[in-house]
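Dear colleague,

Please find below the structure that I am handing over to you. My notes on it follow directly after.

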Amino acid sequence: MTIAILSALPEEQQGLVDLLQNAQQLSYAGRRFWRGTLHGVQVVCALSGIGKVAAATTATVLIERLNAQAIVFTGVAGGLGADVHVGDVVVARSYVQHDMDASPLFPRYEMPGYGRSVFACDEALTHKLALAVQQCVQSLAAAWTATLALPAPRMHQGLIVSGDRFVSGVEESANLRKGLEQADLQPLAVEMEGAAIAQVCADYDLPFAAMRSISDRADDAAHVDFPKFVHSIASRYAQVVIENLCKQLAKA
């Protein structure tokens with residue numbers, strides 16, 4: 001089984017690429033991919049690109065050209081849930097495109113042609129990913145968050161929403177959350193790529209799982225110390241969690 005590891009940021013990807021055995025670099029569709037083994041698991045690493053279209057293209061290339069049989073996504077996100085704090089990790093159970101609005105032809109958030117707005121992540125793969133995240137949160141992550149004077153992190157599981165906009169204001173964040181809640185959707189985090197990958201994986205009937213480390217609260221402080229957060233926390237989450245996951249997959 002070949003598992004594709006998509007990362008949002010180069011800093012997350014580099015640590016994983018350095019760990020690959022028999023690494024081979026490939027290029028398709030203007031993107032670079034690294035193929036190798038990690039703890040005995042066949043892995044292809046790639047950067048998603050920014051935004052839904054870029055992410056969907058990358059996911060499609062992974063499936064069509066590199067024979068990916070499952071996709072796992074790591075990255076950062078803004079926290080939307082009331083109890084989701086900077087330094088925490090959200091493991092996606094499902095995804096919604098928060099900027100999809102084909103009303104009045106279709107209900108807001110519903111994907112035309114699919115008859116639904118929510119794309120569920122793969123239950124079995126998500127369970128394994130959550131175990132890998134929880135192991136990291138309970139062992140190493142508190143020391144990482146402490147370097148930025150953040151409390152010990154927690155893991156959350158639930159809905160993540162994606163859209164082609166960087167949500168970075170208190171009012172915008174509140175309006176986004178309000179609109180989703182009116183549609184009986186309870187978002188925990190917001191980012192710019194995951195829902196597109198979830199849709200592609202649904203089209204191909206491919207297992208998909210995703211985790212997002214919370215770098216901000218999607219508010220007016222969303223830009224503060226972001227590079228430091230990526231270096232000190234997000235990149236470490238990506239490497240350790242994916243290693244933990246691959247060890248599980250190797251045993252299975």
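Helix H1 passes helix H7 in a right-handed crossing. Please bear in mind throughout that the model is predicted.

**The pair H1 and H7**

Two packed helices are described by the angle between their axes and the distance between the axes. Here H1 covers residues 10-19, and its axis comes within 8 Å of that of H7, with a crossing of roughly 40 degrees. The two helices are therefore oblique to each other. On the H1 side, the residues that take part are Glu11, Glu12, Gly15, Leu16 and Leu19. They meet Val230, Ala234, Ser235, Ala238, Gln239, Ile242 and Glu243 of H7. Sorted by class, this contact of H1 with H7 is made up of six nonpolar, three polar and three charged residues.

In soluble globular proteins, nonpolar side chains tend to be buried together. The largest nonpolar core in this model has 77 residues, and Ile71 and Phe208 are those with the most contacts inside it. Helix H7, residues 226-251, supplies the largest share of this core, namely 11 residues. Apart from it lies another core, of 10 residues, which includes Leu80, Val161, Val167 and Val190.

With neighbours within four places in sequence left aside, the contacts of Ile71 include Ala4, Leu6, Ala59 and Ile63. Ile71 is also in contact with Leu125, Ile197 and Cys201, as well as with Leu206, Pro207, Phe208 and Ala209.

Leu125 has its place in helix H3, residues 123-139. Its relative accessibility is 6%, so Leu125 counts as buried, the limit being under 20%. Beyond its neighbours within four places in sequence, Leu125 is in contact with Ala70, Ile71 and Val72, and also with Pro207, Phe208 and Ala209. Between the C-alpha atoms of Leu125 and Leu249 there are 9.4 Å, while 124 residues separate the two along the chain.

Ser213 belongs to strand E10, residues 208-216. With a relative accessible area of 1%, Ser213 is buried as well.

**Backbone points to inspect**

Most residues other than glycine have a negative phi, and most peptide bonds are trans.

- Ser103 and Pro104 are joined by a cis peptide bond, with omega at about 10 degrees. Pro104 is placed in the loop between strand E6 (89-97) and strand E7 (119-120).
- Ala29, although not a glycine, has a positive phi of about 50 degrees. The loop that holds Ala29 runs between strand E2 (21-28) and strand E3 (31-38). Ala29 has a relative accessible area of 49% and is therefore partly exposed.
- Asp205, likewise a residue other than glycine, has a positive phi, near 55 degrees. Asp205 is found in the loop between helix H6 (194-204) and E10. Its relative accessibility is 71%, so Asp205 counts as exposed.

With kind regards

Note on methods:
Residues are numbered from 1 along each chain as its sequence is written. This is a predicted model: local features need pLDDT of at least 70, side-chain atom pairs count only at pLDDT 80 or more; totals for chains, interfaces and linings use all residues. Side-chain values use heavy atoms; hydrogens and water are left out. A nonpolar core is a set of buried Ala, Val, Leu, Ile, Met, Phe, Trp, Tyr and Cys residues joined through side-chain atoms within 4.5 Å. Buried means under 20% relative accessible area, exposed over 50%, partly exposed in between (1.4 Å probe, protein chains only). Helices (H or I, at least four residues) and strands (E, at least two) are DSSP runs, numbered from the N terminus. Contact means heavy atoms within 4.5 Å. Axes are lines fitted to C-alpha atoms, for helices over the stretch in contact, and angles run from 0 to 180 degrees between N-to-C directions. Angles under 35 degrees count as roughly parallel, over 145 as roughly antiparallel, 65 to 115 as roughly perpendicular and the rest as oblique. A crossing is left-handed if the near helix is turned anticlockwise from the far one by less than a right angle, and right-handed if clockwise. Ala, Val, Leu, Ile, Met, Phe, Trp, Tyr, Cys and Pro count as nonpolar, Asp, Glu, Lys and Arg as charged, and the others, Gly among them, as polar.
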